[in-house]
Amino acid sequence: MKSMLAIISNALCRITGKNVGAQTVSELLIDLSEYVSLTSPTAPAFAQTQRQPPKPPPVSTRASAAQLVSAQTDQLDGPGGRVVVARSFADFTPQATFDIKKCDLHRLEEGPPLKAELTREQGLQYYRTMQMVRRMELKADQLYKQKIIRGFCHLYDGQEACAVGIEAGINPTDHLITAYRAHGYTYTRGVSVKEILAELTGRKGGVAKGKGGSMHMYAPHFYGGNGIVGAQVPLGAGIALACQYQGNNQVCVTLYGDGAANQGQIFESYNMAALWKLPCIFICENNQYGMGTSVERAAASTDYYKRGDYIPGLRVDGMDVLCVREATKFAADHCRAGKGPIVMELQTYRYHGHSMSDPGVSYRTREEIQEVRSKSDPISMLKERMLTNNMASVEEFKKMDVEIRKEVEEATLFATSDPEPPLDELCNHIFSNNPPLEVRGTHPWSKLKSVS
């Protein structure tokens, strides 16, 4: 095949006088399309009127690849007409079905499906969101090392499929609460990169007015960002109780890490949620290390999806956005059906250390991190699926990457130039809706004012 490609490429080079270096059949067809003319000595007028490729059908009724070829052939079915191979929007596969990894089940007769459908639009959206989170976290790493970001900072790169897959499996009106590795969820819940980075740098334009920092970001239906290990789990059960009490058919996704999985308050929350059949999805993001301690050294049982005992559970490939999406849909349907809570374990991996103060290579090897990057990276996995199934082009992904980098750079400029909040705003927003009140400062004669 390669020798045949070389012969045809060389022949095309001699004909056109230009360098042609096709390596694949598709590249050769694209090269040919640039130089093959539709004109014919017998019918020049016809060829000129037929030169334009057919318009792509609407997204909702886009034709199959075979129909598209047939349509092009029909339009060129005249004297001297020849088919031109042209890359257009309609050439892409609008939808594909993929096999996904089977989930391990606990107290469940059936689990999520073993196949997942993905439209081209969904795939591009998931890619953009995951890549945006990745670039945002890498920029936060850079700003921290420049001492522009201070204090605690826990990065999410490597775990993007968890946040994006969960968001794709629930409704915007559903609720979510997580621990301190919260930047990714803050973005998927609707906060802009600009507001997130400005919060990290402590600026007035941050999502929490520059007073929350890395671990305390909030948005509608998103409750943080919590700095105390495991403390968000009882709060999540309480949010689920509110959903049940109000009868709004909403669920609460309550996230914690493998490092928090041995906390007593988590089991207390399990018990109350099971007794009251609360619509709560307990999700353990198992990234293999609690700070610098591997799960095998920290837990007698690493089957976190079974920890609910009397609560059904499932273990999911947390590096596959489609797997996470389907499992989350399954868990949400379980809760909405009035069956009570469910436990999910997402097997994932973080590329950075526990926090920015942790280099991340004293308890694991660089080779281990590189192996995960090369074999299981969530962004690369989705990109490869779409390219292999002709759902997007390499150029399209490159263009998107450039746009994402530009947006992150613009957000960085804002986050480093926006002013810090003034001192007289220090005590604002203590209460959500209250008349202005005086707040004692660092000493008795120092009085500050709080405005809701």
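Modeller: Two strands are said to pair if DSSP finds at least two bridges between them, and with that in hand we can read the sheet strand by strand, keeping in mind that this is a predicted model. Strands β5 and β6 run parallel and are joined by six bridges, and within this pairing Tyr256 has Cys284 of β6 as its bridge partner. To get from β5 to β6 the chain passes through helix α10, residues 264–276, in a β-α-β crossover that is right-handed.

On the β10 side, β6 is again in a parallel pairing, with six bridges between β6 and β10, and here Asn286 stands opposite Gln347 in β10. Strand β10 (residues 342–347) is in turn joined by five bridges to β9 (residues 313–317), and these two strands run parallel; along them, Arg315 is found opposite Glu345 in β10.

If we now step back to the whole sheet, it is an open one of six strands, in the order β2-β9-β10-β6-β5-β4, and its pairing is mixed. The strands at the edges are β2, residues 104–106, and β4, residues 175–177, each of which pairs on one side only. From one strand to the next, the twist averages 20 degrees.

Helices lie against this sheet. Helix α9, which spans residues 232–246, packs on the sheet and touches β4, β5 (252–257) and β6 (280–286), and its direction makes about 170 degrees with that of β5. Helix α12, residues 321–336, lies across β6, β9 and β10, and runs at about 170 degrees to β10.

What does this leave for β6 itself, and how many of its residues are buried? Strand β6 is mostly covered, with seven of its seven residues buried.

Ile281 deserves a longer look. Leaving aside residues up to four places away in sequence, Ile281 touches Val251, Cys252, Val253, Thr254, Thr328, Ala331, Ala332, Cys335, Ile342 and Met344. In soluble globular proteins, nonpolar side chains tend to be buried together. The largest nonpolar core here has 69 residues, and Ile281 is among the five members that touch the most others, along with Ile166, Tyr185, Val316 and Met344. The element that gives the most to this core is helix α5 (residues 120–145), with nine residues. Another core, of 21 residues, lies apart from that one, and includes Ile239, Cys252, Ala261 and Cys284.

Among the contacts with a separation of 6 or more, 68% are between residues 24 or more positions apart.

Conventions. Residues are numbered from 1 along each chain as its sequence is written. This is a predicted model: local features need pLDDT of at least 70, side-chain atom pairs count only at pLDDT 80 or more; totals for chains, interfaces and linings use all residues. Side-chain values use heavy atoms; hydrogens and water are left out. A nonpolar core is a set of buried Ala, Val, Leu, Ile, Met, Phe, Trp, Tyr and Cys residues joined through side-chain atoms within 4.5 Å. Buried means under 20% relative accessible area, exposed over 50%, partly exposed in between (1.4 Å probe, protein chains only). Helices (H or I, at least four residues) and strands (E, at least two) are DSSP runs, numbered from the N terminus. Contact means heavy atoms within 4.5 Å. Axes are lines fitted to C-alpha atoms, for helices over the stretch in contact, and angles run from 0 to 180 degrees between N-to-C directions. A crossover is right-handed if, with the strands pointing away from the viewer, the path from the first strand over the helix to the second runs clockwise.
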